[in-house]
Amino acid sequence: MTNNKTKNETGKAKRLFQFKNEIDKWRFLTLIGFILIVIALAWQSDDAYHGYVMSRNLAEGHGLVYNVGERSTASTCPLFTLIIAAAYFITREMFFTSLLVCTLFSGLAYYILVYRLCKTKEQVLISFAALVASQSFISYTTSGLENSLLFFLSALFLWQYSLRERFDARNMLRLALIFSCMAMARMDSVLLYIPVIVWIYLFRRDKVSFPKAVGIGFLGLLPFIVWELFSLFYFGFPFPNPYYVKLGTGIGLIEYIKRGILYFWYTGLNDAIVISVPLAVSAIAIILKKPKYILVASGILLYFIYIIRIGGDFMMGRHFTNPFFMSICLFMILQNHETNDFARLRKYRTLFNGIVIVSIVFVATFGRTIGSQYLTGHLFSSQISDEREYYFETTGLYNNIVSLVKEGRLAIPDTWNNEAPNDLRKEGFSGGIIDNAAGILVYYNPDLYLNDTYALGDPFLSKLPATYNPNWRVGHLKREVPHGYRASIWFDKNDVKDPDLHEYYEAIRLITRGDLFDGRRIQAILDVNLGKYDGHIDRYMVRLAEEHAAKDAEKK
């Protein structure tokens, strides 16, 4: 009996690792390899914790808020924030739980790519090689930001898109729902798919009238529409707080374009493949002259233009990762659906493989070695940084496991000095505006109200124009704190001295701290969003400029 049982177990184990064909073996092996690499290099960005603070507050019954008692959002990815909140509600632990969620989404994205879009062993291997060769892509498979969710949604969308030439009502609704989820994951990510979704709804309908298509589109977008209505009612604003922070800088378009070009250049020096592959695949799609593929490529190119327009980012390569993943999916679709012209496809395949290899060699030769790319990060000084290099010591999965084993605690709380929050406690304050309310710092000081002059989570300061800094960093422009505002936070009352800002802050307090269904609050939401207080802010800025001019004159 024992021998038979052993034989049966051995037989089951063998069957588990038996594959229908050679490609299934490589699909499985590269999937395991991909997940192991993601886990080995898993880390978390400080910015992710702005969303995690809200996820925890929601799960613990404090509402979807950044600071308890004030309805303001510091998250640009509401869908991901809600998913993390659901996971945290189950585990009541954030660090490992959030990394597991990111790894799951990235793993699912890779699964769809190799099991649904790759049809040959060569395609599986080159996809694997391209993805793991990109430092930026691997960095943002975890990081705690929304990228992993976007990879999954992109894979899902392109897989469904590749299955047919014309789309019936059910498939149109399916794509619209995925599109809606993308908008909720990161609003500007829809630029990548607007050309495709418009083309489908206008020209590729299968037995669906235009009025019916409009209804299907509305139904598909309903999750995003409902979220926007909720955001307007609950937070008082249709867009997340960081949107207003980055919008109200007063910086000219030319400066943004220069920074955007620098972002391309800097990322290209450090991670050439994440830019070269999308550009090459887009060019191939355009040369093939097939609208179905040209429209995906146009979405990628549109997004690249958008990246330049917004000045890029301070996180090296982050905004390129989803177009990069999309382009690999698109190239696999191209190869497997356009098989009539074998010679041209073979030529393009050789070009794609060559670009992958040359990009890796370029970075290894002129940027850094592949080893340092993975382990130590960039070697150049810039306002654009390799965030994983900076944070890995305290937020990396490996280092936190080591800390947990050796010291019985995570290393991540040590990322930032806790001096400023401790000073507030010593003074007897329940919160305040400090120099740097980093996400991790806010998360690990849940008993305090914390914001800073970058104003990512501040519903009042974020609406004021930024103070110009010639060496400005994207998303990191400070606001000057109006007289009396710090005291307003300390003592939970409106003590702002400027008469116009006093009135404006009173409206903000009513919106973010007042009773949700108070009629005066609803009126304040309408007034603020329709520009009633724009003149108040303008008059304040005039007085502030006069005050600065008087101070400068005194110094002279």
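Helices (H or I, at least four residues) and strands (E, at least two) are DSSP runs, numbered from the N terminus. The structure above is a predicted model, in which local features need pLDDT of at least 70 and side-chain atom pairs count only at pLDDT 80 or more, while totals for chains, interfaces and linings use all residues. Residues are numbered from 1 along each chain as its sequence is written, and side-chain values use heavy atoms, with hydrogens and water left out.

We can begin at the surface, where Ile-194, Val-198, Leu-202, Phe-203, Phe-210 and Val-214 form a nonpolar patch with about 530 Å² of accessible area together. Two elements, helix 10 (194-203) and helix 11 (210-234), each give two or more residues to this patch, and helix 10 provides the largest share, four residues. A patch here is built from residues with over 30% relative accessible area and no salt bridge, with like charges joined within 9 Å and nonpolar side chains (Val, Leu, Ile, Met, Phe, Trp, Tyr) within 5 Å. The areas themselves come from the Shrake-Rupley method with a 1.4 Å probe, and for residues only the protein chains shown count as cover. Ile-194, which has its place in helix 10, counts as partly exposed because its relative accessibility is 32%; in these terms buried means under 20% relative accessible area, exposed over 50%, and partly exposed in between (1.4 Å probe, protein chains only).

From the surface we turn to charged side chains. Side chains of opposite charge can pair when their charged atoms come close. A salt bridge is a side-chain nitrogen of Lys or Arg within 4 Å of a carboxyl oxygen of Asp or Glu, and a search of the whole structure finds 21 of these salt bridges. In one of them the side chains of Arg-318 and Glu-146 meet, at 2.8 Å from N to O. This pair links distant parts of the chain, 172 residues apart, since Arg-318 is in the loop between helix 15 (291-309) and helix 16 (321-337), whereas Glu-146 is in the loop between helix 7 (135-139) and helix 8 (147-162). Arg-318 is buried, with a relative accessible area of 8%, and Glu-146 counts as buried at 2% relative accessibility. Asp-188 also forms a salt bridge, with Arg-186, and their closest N and O atoms are 2.8 Å apart; both of these residues are buried. Glu-146, Arg-186, Asp-188, Asp-313 and Arg-318 are linked in a network of salt bridges.

Another salt bridge joins the side chains of Asp-500 and Arg-543, at 2.5 Å from N to O. Asp-500 lies in helix 24 (residues 499-513) and Arg-543 in helix 26 (residues 534-555), so the pair ties together parts that are 43 residues apart in sequence. Asp-500 counts as buried at 10% relative accessibility, whereas Arg-543, at 31%, counts as partly exposed.

Leaving aside neighbours within four places in sequence, Asp-46 is in contact (heavy atoms within 4.5 Å) with Tyr-391, Trp-416, Ala-438, Gly-439 and Ile-440.

Asp-458 has its place in the loop between strand 2 (449-452) and helix 23 (485-491) and is buried, with a relative accessible area of 0%. Although Asp-458 and Asn-67 are 391 residues apart in sequence, they are 9.1 Å apart in space, C-alpha to C-alpha. In the loop between strand 2 and helix 23 we also find Ala-455, whose phi is near 65 degrees, a positive value in a residue other than glycine. Most residues other than glycine have a negative phi, and most peptide bonds are trans.

The last topic is cysteine. A disulfide is a pair of cysteine sulfur atoms within 2.5 Å, and a search of the whole structure finds zero disulfides. Cys-118 is buried, with a relative accessible area of 0%, and Cys-329 counts as buried at 0% relative accessibility.
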